[in-house]
Amino acid sequence: MGSCVDADDGTLENNAADADDESITQSIGSCPSGNDEDGVFLPGAIEPGEIHTVTISMPVGESTEPCIVDGWIDFNADGDWLDPGEKIHSAQLAVGSHQIPVTAPIGAASGATCARFRISTAGGLNPDGAAADGEVEDYAVTIHSAVVDRRIFYDNSYWDGNDPGPSGTADDAA
């Protein structure tokens, strides 16, 4: 993915998503500053319950065979991508730019976490472990805390929690 492709077995990971940047081997293309994570573009922050777009770049010459991209986000920030709902993508992608819709669950842990994307000809990969071919790219992700609307609606207006409430003068903050 992207303009820099390197061999990676998926075992080099950390919270900053840069553990494999120090060990680029068998690279293809340009790898400025040792950073091979350049094929996926994530939103600046992810809001739980909202649809966000992840863009995956598959440049010309990436592979002579069809490639499958598997992707995960550690939504509960427990240090792995093994929990239900954390696999966000698994499909063959052709050359070009692809926009993938992603929705973080309402219960996603707020703060810093990681995303991982693997490309291979086999597909259906686990987040870590060896593959016959391909590449692994890790990205730091920030998840904002879910915003809860605490207004109570009644008779076409709402009470925002301040007194007087529904039994007194209407507190219509709209």
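Glutamate 50 sits in the loop that runs between strand S3 (40-41) and strand S4 (51-58). The model described here is predicted. At 44% relative accessibility, glutamate 50 counts as partly exposed. Glutamate 50 touches Val102, Thr103 and Ala104, when residues up to four places away in sequence are not counted. One of these, valine 102, is 52 residues from glutamate 50 in sequence. In space, the C-alpha atoms of glutamate 50 and valine 102 are 8.2 Å apart.

The protein as a whole has zero helices and eleven strands. From the N terminus on, its elements run β-β-β-β-β-β-β-β-β-β-β. The protein has 174 residues, and buried residues make up 37% of them. Among contacts between residues at least 6 apart in sequence, 64% join residues at least 24 apart.

Four of the strands form an open sheet in the order S6-S5-S8-S9, with antiparallel pairing. S6 and S9 stand at the edges of this sheet, and each has a single partner strand. One side of each edge strand is therefore left without a neighbour in the sheet. From one strand to the next, the twist averages 15°.

Strand S5 is paired on both sides. With S6, S5 pairs in the antiparallel sense over six bridges. With S8, S5 also pairs in the antiparallel sense, over six bridges. Cysteine 67 has leucine 93 as its bridge partner in S6. Glycine 71 stands opposite histidine 89 in S6. In S8, the bridge partner of glycine 71 is phenylalanine 117.

Burial of S5 is complete by residue count. Seven of the seven residues of S5 are buried, so this strand is largely enclosed by the rest of the structure. In a regular strand the side chains alternate between the two faces of the sheet. In S5, Cys67, Val69, Gly71 and Ile73 point one way. Ile68, Asp70 and Trp72 point the other way. Both sets are buried, Asp70 included.

Aromatic pairing was examined next. A pair of aromatic rings is described by the distance of the centres and the angle of the planes. The count comes to one aromatic pair. The rings of phenylalanine 117 and tyrosine 139 have their centres 6.2 Å apart and their planes at 75°, so the pair is edge-to-face. Phenylalanine 117 lies in strand S8 (residues 111-120), and tyrosine 139 lies in strand S9 (residues 135-143). The pair therefore ties together parts that are 22 residues apart in sequence. Phenylalanine 117 and tyrosine 139 are both buried.

Most residues other than glycine have a negative phi. Alanine 77 has a positive phi of about 55°, although it is not a glycine. Alanine 77 lies in the loop between strand S5 (67-73) and strand S6 (87-93). At 38% relative accessibility, alanine 77 counts as partly exposed.

Conventions
Residues are numbered from 1 along each chain as its sequence is written. This is a predicted model: local features need pLDDT of at least 70, side-chain atom pairs count only at pLDDT 80 or more; totals for chains, interfaces and linings use all residues. Side-chain values use heavy atoms; hydrogens and water are left out. Rings of Phe, Tyr and Trp (its six-membered ring) pair if their centres lie within 6.5 Å; planes under 30 degrees apart count as stacked, over 60 as edge-to-face and the rest as tilted. Helices (H or I, at least four residues) and strands (E, at least two) are DSSP runs, numbered from the N terminus. Buried means under 20% relative accessible area, exposed over 50%, partly exposed in between (1.4 Å probe, protein chains only). Two strands pair if DSSP finds at least two bridges between them. Axes are lines fitted to C-alpha atoms, for helices over the stretch in contact, and angles run from 0 to 180 degrees between N-to-C directions. Contact means heavy atoms within 4.5 Å.
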